[in-house]
Amino acid sequence: MPDPFVAGSNMHPAGGMVEENNVPNPKRKFSNARRDKRRSNWKITAPTLVRCGNCEALHVPHHVCPSCGTYGSNHRQVVNLRRSHSA
Ligand SMILES: [Zn+2]
């Protein structure tokens with residue numbers, strides 16, 4: 001049995017466990033309604049898309065165009081889409 005007077009022990013000198021929890025925890029469970037009201041603000045947003053300056057296809061800005069494989073205002077060819085399956 002551990003010494004009850006050692007510092008840091010959770011044993012009370014009178015014996016028995018001290019009700020002590022130093023970990024920050026929520027005091028009580030949130031109700032289902034409160035949880036669901038919080039989640040009711042979650043919404044889907046449409047992705048922002050821009051027209052590719054090279055092939056006019058829609059793509060995510062600051063990403064390589066999946067249609068033609070170019071990137072940036074100078075339409076630099078960074079992915080060769082033709083060679084991806086053969087070769
Ligand atoms: Zn493109």
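Me: With 10 other C-beta atoms within 10 Å, is glutamate 56 buried or exposed?

Reply: Exposed. The rule counts other C-beta atoms (placed from the backbone) within 10 Å of a residue's own: 20 or more is buried, 12 or fewer is exposed, and in between is partly exposed. This is a predicted model, so local features need pLDDT of at least 70, side-chain atom pairs count only at pLDDT 80 or more, and totals for chains, interfaces and linings use all residues. Residues are numbered from 1 along each chain as its sequence is written.

Me: Where is glutamate 56 placed?

Reply: Helices (H or I, at least four residues) and strands (E, at least two) are DSSP runs, numbered from the N terminus. Glutamate 56 sits in the loop between β1 and β2 (58–59). Its phi is positive, about 70°, although it is not a glycine.

Me: What about the phi of histidine 62?

Reply: Histidine 62 also isn't a glycine, yet has a positive phi of about 65°. You'll find it in the loop between β2 and β3 (70–71), and it counts as exposed because it has 8 C-beta neighbours inside 10 Å.

Me: Which residues is valine 50 in contact with, leaving aside neighbours within four places in sequence?

Reply: Contact means that two C-beta atoms, placed from the backbone, lie within 7 Å. For valine 50, the partners are His59 and Pro61. Valine 50 and proline 61 are eleven residues apart in sequence and 5.9 Å apart C-alpha to C-alpha. Valine 50 lies in strand β1 (residues 50–51) and is partly exposed, with 13 C-beta neighbours inside 10 Å.

Me: How do the elements of the chain run?

Reply: From the N terminus on, α-β-β-β-β. Buried residues make up 1% of the 87 residues.
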